[in-house]
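Morning, everyone. I have one structure to walk through today. Please bring it up on your screens.

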Amino acid sequence: MLMIEDLQVKIGDREILRHIDLEIKQGETHILFGPNGSGKTTLLMTIMGYPQYTVTAGKISFKGEDITYMPINDRAKLGIGMSYQRPPTIHGLKTRQMIEICGRGKADPETLAAGVNFTDFLDRDINAGFSGGEIKRSELLQLMAQDPDLLLFDEPESGVDLENISLIGNSISTLLQREFKDDAGKSHKEQRAERTKMGLIITHTGFILDYVTADKGQMLYDGYLSCKSNPLEIFRCIKEAGYGECLRCTT
Ligand code: ADP
Ligand code: MG
């Protein structure tokens, strides 16, 4: 459903991504690992369609359509949504209004906010003075309202306090129609064949792996993708041997 073939991306005249091949099938969730500056955010922003990320070669298709040069708003309409690592502050726009816009009038901000402890923030300007973890919860709410088919998460757990991490983790798992635990600790599971959503999650801390089961993991190192493997296995290797070990595979 998402197919990326031999993608190369520049910011200005600097090449950031090289020969990226990635396929995410319907119902699949992938985890993307990689050290700072390796190009993870660039990959997600390019899939979403930000114009400052210039595609110099290769192709991105989604739901059978070539979206390589499609404007960002058309990609959103086609069903791509993203939770940003560093979204901007917008003075004069309330979080509540943003959630309504994302939900095209169909989402109820109060109900959604109650699910991630965010009711008190609905009438504040979006991201104005929010802490890192509060920004992540606000981003998640917008994505819940939009309910896209392909969900891109850029470090959704970074800065989130321990009290809210399970809320975030379980909400992401629910959005991706995967197994999750409810407030009483009871486990719910969607069958593989029933899943329609696709996910691509960047994680730095690996916390998210405690809550979201994923089908595949990959490492992005210096603009190259490698180590297609079980995400828990990749995470274990990073913890034990560090990212430096990845050079063995990428060079
Ligand atoms: P990651 O998310 O893996 O930490 P990024 O995709 O944010 O990495 O960045 C990849 C590289 O691109 C970094 O070296 C970063 O400094 C560079 N970069 C990102 N944005 C810009 C920009 N607007 N102008 C110039 N270089 C940039
Ligand atoms: Mg990043």
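Let's start with threonine 203. Threonine 203 is buried, at 0% relative accessible area. Buried means under 20%, exposed over 50%, and partly exposed in between, with a 1.4 Å probe and protein chains only.

Some ground rules. This is a predicted model: local features need pLDDT of at least 70, side-chain atom pairs count only at pLDDT 80 or more, and totals for chains, interfaces and linings use all residues. Residues are numbered from 1 along each chain as its sequence is written, chains are lettered from A and ligands numbered from 1 in the order in which they are written, and side-chain values use heavy atoms, with hydrogens and water left out.

Back to threonine 203. It sits in the loop between strand 12 (198–202) and strand 13 (216–221). Helices (H or I, at least four residues) and strands (E, at least two) are DSSP runs, numbered from the N terminus.

What does the side chain of threonine 203 join in a polar contact? The side chain of glutamate 157, at 2.4 Å. A polar contact is a pair of N or O atoms within 3.5 Å; within protein, one must be able to donate a hydrogen and the other to accept it, and residues adjacent in sequence count only if both atoms are side-chain atoms. The threonine 203 side chain also reaches the backbone nitrogen of glycine 206, at 2.9 Å. Setting aside neighbours within four places in sequence, threonine 203 is in contact (heavy atoms within 4.5 Å) with Ile31, Leu32, Phe33, Glu157 and Ile208.

Now ligand 1. The residues around it, each with a heavy atom within 4 Å, include Arg14, Lys40, Thr41 and Thr42. Helix 1 gives the largest share of that shell, three residues. Taken alone, ligand 1 exposes 570 Å², and the protein buries 62% of that. Those areas come from the Shrake-Rupley method with a 1.4 Å probe; for residues, only the protein chains shown count as cover.

Last, the magnesium ion, ligand 2. Its protein donors are Thr41 (OG1) and Gln85 (OE1), lying 2.0 to 2.3 Å from it. Threonine 41 lies in helix 1 and glutamine 85 in the loop between strand 6 (80–83) and strand 7 (90–94), so the pair ties together parts 44 residues apart in sequence. Donors are N, O and S atoms within 2.8 Å of the metal (3.2 Å for Na, K and Ca); water is not among the atoms, so sites may look incomplete. Threonine 41 itself is partly exposed, at 26% relative accessibility.
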